[in-house]
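Visitor: I am new to this structure and would like to learn how to read it. Could you show me around, one feature at a time?

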Amino acid sequence: MVTIRIFDTPVKIKITILFVIVLLWGGVTWLELYWHPGRSLWQGLLIGLATAILLLLADFGHAIAHIFSARFAGAPMDEILISPEAGPRTLYWNNEVSPNVHRMRALGGPIYNVLGLFLSMVIYAVVPGNSIAWELAAWSAAGHGLMLILFMSPVSIVDGGTILKWTLVSRGKTVTEADEIVRRVDWVLGIALGIIGVGLLAMQLWIAGVILVGLGLIVVGIAAGKIR
């Protein structure tokens, strides 16, 4: 375990995360060489490394951005844990705060991804098409867009679920009632993703189908309390 500090918030990094980073690098490099067979191995490795860094910035940067929003909200984050099992996790020990503070703390990551998506799309639009910069901007936009979709989903363990829960509380629901509403939303979302995924598999859209079925199972697991 390696620990660094960002504004007094410890960021604890499990060394085993390096295996995930290497796998990501290798996977992106393979795709680059598959899509562009004229490139050399070294070109593929360098472009793959740059792409992997941009994708990691979209993910890890999301978590780090919560440090700033939490400090702005007046309830600083206690630590970030980065591990291969769960990726970056933001941990708060002080949860006896107002609904508005809960929501403000949850907004840092999504705001970061919105800004990253906007900047990536601007670069994508202004650089020459089919250039390396154009490809990297597309990867970066995809990374930030994916993080934004995943973390703004109304799922209890991500930002969207937190924002939904504490918005309900601020409008008069009890914490227990809000948790139950979010759980019901998770059930509906998980089942819907699974059904759509099965439909895509029936249409032989294998990759999209498998991804949606997998996401549906994860969301159902969260709704059932099996994944926390």
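**Reading the sheet**

Guide: Let us begin at a turn: Phe 7 takes a positive phi near 50° in the hairpin of strand 1 and strand 2, where two residues lie between the strands. Helices (H or I, at least four residues) and strands (E, at least two) are DSSP runs, numbered from the N terminus. Two strands pair if DSSP finds at least two bridges between them.

Visitor: Before we go on, what kind of model is this?

Guide: This is a predicted model, in which local features need pLDDT of at least 70, side-chain atom pairs count only at pLDDT 80 or more, and totals for chains, interfaces and linings use all residues. Residues are numbered from 1 along each chain as its sequence is written, and side-chain values use heavy atoms, with hydrogens and water left out.

Visitor: What does the chain average in pLDDT?

Guide: pLDDT is the predictor's confidence in each residue, from 0 to 100. Here the chain averages 90, and 100% of the residues score at least 70.

Visitor: In which sense do strand 1 and strand 2 pair, parallel or antiparallel?

Guide: They pair in the antiparallel sense over five bridges, and Val 2 has Ile 13 in strand 2 as its bridge partner. Strand 2 (residues 9–13) and strand 3 (residues 79–83) pair in the parallel sense over three bridges, with Val 11 opposite Ile 80. Strand 3 and strand 4 run antiparallel, joined by five bridges, and form a hairpin with three residues between them.

Visitor: Why does Ile 4 count as partly exposed?

Guide: Buried means under 20% relative accessible area, exposed over 50%, and partly exposed in between (1.4 Å probe, protein chains only). Ile 4 counts as partly exposed because its relative accessibility is 41%. This residue sits in strand 1 (residues 2–6).
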